[in-house]
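Here's a quick tour of a protein model, with the main features grouped by topic. Have a look at the structure first, then work through the points below.

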Amino acid sequence: MVRFALDEDFPDTIIDALGLGVPEAELVPIRHIDPRLRQMDDWELLLSLHHLKDWDGLVSTDSRMLNLPRELAVIHQTHLTVAIVEQAGHDPVRAVGLLLVHLPTICRKTARSVGQIWRLSAQNKNHDDPWEELKRIAEHRKMSVNELFHEHKLSKKALGRNPLEELPFPH
């Protein structure tokens, strides 16, 4: 079974109403995993999920993270799968519907050996490689992908640090 954290845009009421009966996946809102995850930047959230070890990735509607080199570098380094529900507007029912359509394929193709980005829309397609996305940003910035990656990648020490350990657990 593949385990994904859900960002804040997936309300419990809709998830519960639809049942999300996809046997290949377990979907848990980040607020149920650890409330401290809600206050983190996306790259820290991803790094925390990596350190929790039980999570294969994140499902979000925040496509802006795919334009941020740090987030892409962390996806590449941690080998997490990130599914971005695009073209849902601010309609949580549509977002959950798109997720349900694509989730069985994502679960089948998720591998802990490679980072994956899935852009969910009405079309089926394979995952995007975070390295290729870094290349796209590097070209736009007129720099090499290696230079961009080295500028934004986490050090071994930072990659080994769990951001959750630095925050107090709420009572």
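Before we start, one term: two residues are in contact when they have heavy atoms within 4.5 Å of each other. Also keep in mind that this is a predicted model.

- Five strands make up an open sheet, and reading across it you get the order β2-β1-β3-β4-β5, with parallel pairing.
- At the edges sit β2 (25-29) and β5 (116-120), each pairing on one side only.
- From one strand to the next, the twist averages 20 degrees.
- What holds strands together in a sheet, in general? Strands pair through backbone hydrogen bonds, and the pairing can be parallel or antiparallel.
- On one side of the sheet, β1 and β2 run parallel and are joined by five bridges; L6 stands opposite P29 in β2.
- Strand β4 (residues 81-85) also runs parallel to β5, again with five bridges between them. For T81, the bridge partner in β5 is Q116.
- Is β2 enclosed or open to the outside? It is largely enclosed by the rest of the structure, because four of its five residues are buried.

**Helix α5**

- Helix α5 (residues 92-109) lies across β1 (2-6), β2, β3 (57-60), β4 and β5, and it runs at about 145 degrees to β5.
- This helix has 18 residues and spans 25 Å from its first C-alpha to its last, close to the 26 Å expected at 1.5 Å a residue.
- Where does α5 kink? Look at H102, where there's a kink of about 45 degrees, shortly before the proline P104.
- Several α5 residues are buried, including A95, V96, L98, L99 and H102.

**E133, a buried residue**

- You'll find E133 in helix α6 (residues 130-140).
- Why does E133 count as buried? Its relative accessibility is 8%, and the cut-off for buried is under 20%.
- The side chains of E133 and R119 are joined by a polar contact of 3.0 Å.
- Setting aside residues up to four places away in sequence, E133 touches L72, I117, R119 and D128.

**H50, a partly exposed residue**

- H50 belongs to helix α3 (residues 42-52).
- With 25% relative accessibility, H50 counts as partly exposed.
- If you ignore neighbours within four places in sequence, H50 is in contact with T78 and L80.
- H50 and G160 are 110 residues apart along the chain, but their C-alpha atoms are separated by 9.7 Å.

**K153, in a loop**

- K153 has its place in the loop between α7 (145-152) and α8 (156-159).
- Its relative accessibility is 32%, so K153 counts as partly exposed.
- Which residues does K153 contact, leaving aside neighbours within four places in sequence? They are R70, A73 and Q77.
- A polar contact of 3.5 Å links the side chains of K153 and H150.

Key: Residues are numbered from 1 along each chain as its sequence is written. This is a predicted model: local features need pLDDT of at least 70, side-chain atom pairs count only at pLDDT 80 or more; totals for chains, interfaces and linings use all residues. Side-chain values use heavy atoms; hydrogens and water are left out. Two strands pair if DSSP finds at least two bridges between them. Helices (H or I, at least four residues) and strands (E, at least two) are DSSP runs, numbered from the N terminus. Axes are lines fitted to C-alpha atoms, for helices over the stretch in contact, and angles run from 0 to 180 degrees between N-to-C directions. The expected span of a helix is 1.5 Å times one less than its number of residues. The bend at a residue is the angle between axes fitted to the seven residues ending there and the seven starting there. Buried means under 20% relative accessible area, exposed over 50%, partly exposed in between (1.4 Å probe, protein chains only). A polar contact is a pair of N or O atoms within 3.5 Å; within protein, one must be able to donate a hydrogen and the other to accept it, and residues adjacent in sequence count only if both atoms are side-chain atoms.
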